[in-house]
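Biologist: Could we go through this model together? I would like to ask about its links, its sheet and its core.
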Amino acid sequence: MKCVAMVSLFLSGTLVAGGVLAATPSVIINAPADGATLDAMEQNKVDYEAVPGPRGDHLHVYVDGTETALLRQLKGTYTLDTLAPGAHEICIKVVNKNHTPIGVGKCVNVTVD
């Protein structure tokens, strides 16, 4: 039974210095889906969850390459500012304490009508 538990831990994390198991950094955007069409007249929200890992500290939201928000919650929803009609890229990236992206993030492309 111990072997199964250890294998499960290794599959869900990363072994770091000293043999300590740390969660693998990741970002998931649950909504909107990639390719979704959003209504320009609605309050559009991003539903997300993230694991910052040992190098990450918090999250930044980017719309079309411009930082629009800093998120301290690792799971939740964020209401986007009004988006102009057309195509947009929405990204959430894990950043360190210096606000530098650590290379972990997720982006979705949406169209606003």
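Biologist: Which residues does the disulfide join?
Modeller: In this predicted model, the disulfide joins C91 to C107, with an S to S distance of 2.0 Å. A disulfide here is a pair of cysteine sulfur atoms within 2.5 Å. The structure holds 1 such link.

Biologist: Is the link of C91 and C107 left-handed or right-handed?
Modeller: The link is right-handed, with 110 degrees about the S-S bond. Strands (E, at least two residues) and helices (H or I, at least four) are DSSP runs, numbered from the N terminus.

Biologist: And are those two cysteines buried or exposed?
Modeller: C91 is buried, at a relative accessible area of 4%, whereas C107 is partly exposed at 31%. Buried means under 20% relative accessible area, exposed over 50%, and partly exposed in between, with a 1.4 Å probe and protein chains only.

Biologist: Before we go on, what are the ground rules for numbering and confidence?
Modeller: Residues are numbered from 1 along each chain as its sequence is written, and side-chain values use heavy atoms, with hydrogens and water left out. As the model is predicted, local features need pLDDT of at least 70 and side-chain atom pairs count only at pLDDT 80 or more, while totals for chains, interfaces and linings use all residues.

Biologist: Now the sheet. In what order do the strands of the open sheet come?
Modeller: The order is 4-10-9-6-7, with 5 strands and mixed pairing. Two strands pair if DSSP finds at least two bridges between them. Strand 4 (37–38) and strand 7 stand at the edges with a single partner strand each, so one side of each is left without a neighbour in the sheet.

Biologist: How do strand 4 and strand 10 run, parallel or antiparallel?
Modeller: They run parallel and are joined by 2 bridges; L38 has V112 in strand 10 as its bridge partner. Strand 9 and strand 10, by contrast, run antiparallel and are joined by 9 bridges. A87 is paired there with T111 of strand 10.

Biologist: What about the turn between strand 9 and strand 10?
Modeller: These two strands form a hairpin with 5 residues between them, and H99 in the turn has a positive phi of about 70 degrees. The hairpin of strand 6 and strand 7 has 2 residues between the strands, and D64 takes a positive phi near 55 degrees.

Biologist: How many bridges does strand 6 make with strand 9, and how many with strand 7?
Modeller: Strand 6 pairs with strand 9 over 6 bridges in the antiparallel sense, and V61 stands opposite I92. With strand 7, the pairing is antiparallel over 5 bridges, and Y62 stands opposite E67.

Biologist: I see H60 in strand 6. Is H60 buried or exposed?
Modeller: H60 is buried, with a relative accessible area of 1%. The side chain of H60 makes a polar contact of 3.2 Å with that of H58 and another of 3.4 Å with that of Y62. A polar contact is a pair of N or O atoms within 3.5 Å; within protein, one must be able to donate a hydrogen and the other to accept it, and residues adjacent in sequence count only if both atoms are side-chain atoms.

Biologist: What else does H60 touch?
Modeller: Leaving aside neighbours within four places in sequence, H60 is in contact with E67, A69, L70, C91, I92, K93, V95 and H99. Contact means heavy atoms within 4.5 Å.

Biologist: Changing topic: which residues have the most contacts inside the largest nonpolar core?
Modeller: They are V46, Y48, L59, Y78, L80 and I92, in a core of 23 residues. The largest share of this core, 5 residues, comes from strand 10. A nonpolar core is a set of buried Ala, Val, Leu, Ile, Met, Phe, Trp, Tyr and Cys residues joined through side-chain atoms within 4.5 Å.

Biologist: Finally, which side chains meet in the salt bridge?
Modeller: Those of R72 and D57 do, at 3.1 Å from N to O. A salt bridge is a side-chain nitrogen of Lys or Arg within 4 Å of a carboxyl oxygen of Asp or Glu. R72 is exposed at 55% relative accessible area, and D57 is partly exposed at 29%.
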